[in-house]
Amino acid sequence: RELEGTTRLSIQKSIADAGAFTFCACFVASIFAVKAYAARQRAKDPKHSPWEAWGAYTTVAMIQIGCLVWTNIAPKLVELKNFRYEEEFGNELTTIMSYVKIFVALFPFINMGFLQKWFEPTCAEPGTDDPLASAAWRLYGNTSTWPMGFGQSVAWSGNGTVRRSHTTSLDWLKRFSYLSTTEKGEIETCIHGCYPARCEEGKCDTNCLIELEDSLSKVYLTHTVCTLLFILIPIAYVKFKVLMEFRRVKQKHEEDQSSDDEEVSGPTDHEVSYTLLQFQAKCATVAPYQNGSWGGSMMEDFIELAVGFAMLTCFGVVLPFMGVLAFFSHIVEYRLMAYRMLNVTCRPFPAAADGIGVWADILRNIAALAVVTNVAVAVFAMYPMRDWNFRQQLIAFLVLEHSMLVLRRIVVSFVDKEPALYKRVDDYNTRFVCGVDDEMDQQKEFQPAPVKAEALDTMLGPD
């Protein structure tokens, strides 16, 4: 309360708001730095570059590290805003934690699908007679092979030009090239950072799309496995703690029994009991349902769901198999969460809630973002619209994106915000409360006539 309205509190709030943007900027810079380092390693030794095999795992590691670091930073930033009520603090922490984690999980794929094309070009050497062949040499010549599925291996001359044969026409590569101006004002031919890497019947998949599919599958699989592990670990941990407690009590009971046998004759065997109340007390101590606990919390459970939902919906057009994996993994995940809630976090503090609160807005925003990203991937990164000129792509994107958003709005309009059963229950409760209030009002209106103390018979005798 002492900080309310002060300059210090205003500065703290500005620092907290800037902290989220600064973290996102640092994460973006780290992604670009890793990509630049990988490009330099490939240029030095394309045949033995570890990036081809470990690039997807590097993306997985960066996303996991980014989310872990932000989990520890976000609460400290929210504390700077000095919220007076726990509900306000929880809503702000949920918002800032979820949006930044979703950004961390999605940006590497956004970079692969849309930005890498422009930030990692391969340009021809200056002064060459055949600039496209020179750029192709710098791109493919070091490995001495065409893209997979395009045909046979092609030999290259030492000066950066291709040895012409009937299979070496570079017309298929022209749609992946462009002209740019150097710092000296010269025109040079460059090949986009997303170039053909796998071709079949004249249809080519770019290296960006292949890398996107590979990284997306590994990241989503890793996310699913980690989510399941963090549900299983507290279950096993609590079981282990209860088992050790039971053994300790049993051992103490045997020691007490042996000492009693020396003093008391006759049978003294008693079975050691571990009551449900004791088990719940141990669960509440070892794995409470709160932030930063092995028992999980509402915010942490929803964040894992939101991150997985964002990856599935925003890039499902690239890897439709994720939907099948999500279906089966969520069946297992929800059953384990139900088991954890009943048998591990046995005493979560009861709190009233009107729906899922701020999470409803977060999930709606993810659904709207998914419409834009899926259309963008289909238009700018996938065959055949990928090969159209920019004007045609822009028109197709705007038409499809607006059409999908309108269709989504129509579908949402047919879904009631409140289920019919919920409405009936709420109507019944409202009528019941009104009836109780009416009875109380009637009782207040009825006032019995006062009775004088002299009129009361206080004699204890038979007369």
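Me: Before looking at any residue, how are strands defined here, and what makes two strands pair?

Reply: Helices (H or I, at least four residues) and strands (E, at least two) are DSSP runs, numbered from the N terminus, and two strands pair if DSSP finds at least two bridges between them. This is a predicted model, in which local features need pLDDT of at least 70, side-chain atom pairs count only at pLDDT 80 or more, and totals for chains, interfaces and linings use all residues. Residues are numbered from 1 along each chain as its sequence is written, while side-chain values use heavy atoms, with hydrogens and water left out.

Me: Which residue of strand 3 is the bridge partner of Thr122?

Reply: The partner of Thr122 in strand 3 is Ile191, and strand 1 is joined to strand 3 (residues 187-191) by two bridges, the two strands running antiparallel.

Me: In what order do the strands of this sheet stand, and which of them are at the edges?

Reply: The sheet is open and has three strands in the order 1-3-2, with antiparallel pairing. Strand 1 (122-123) and strand 2 (177-181) stand at the edges with a single partner strand each, so one side of each has no neighbour in the sheet.

Me: What is a disulfide, and how many does the structure hold?

Reply: A disulfide is a covalent bond between the sulfur atoms of two cysteines. Here a disulfide is taken as a pair of cysteine sulfur atoms within 2.5 Å, and the structure holds two disulfides. One of them is formed by Cys123 and Cys190, with their sulfur atoms 1.9 Å apart. This pair links distant parts of the chain, since Cys123 lies in strand 1 and Cys190 in strand 3, 67 residues apart. The torsion about their S-S bond is about 100°, so this disulfide is right-handed.

Me: Where does the disulfide of Cys194 and Cys208 lie, and is it right-handed or left-handed?

Reply: Cys194 is joined to Cys208 by a disulfide, S to S 1.9 Å, and the torsion about the S-S bond is about -95°, so the disulfide is left-handed. Cys194 sits in the loop between strand 3 and strand 4 (196-200), and Cys208 in helix 6 (residues 207-261), the two being 14 residues apart.

Me: Are these cysteines buried or exposed?

Reply: Buried means under 20% relative accessible area, exposed over 50%, and partly exposed in between (1.4 Å probe, protein chains only). Cys123, at 18% relative accessibility, counts as buried, as does Cys190 at 0%, and both Cys194 and Cys208 are buried. Cys26 is in no disulfide, the nearest cysteine sulfur being that of Cys24, 9.3 Å away, and at 48% relative accessibility Cys26 counts as partly exposed.
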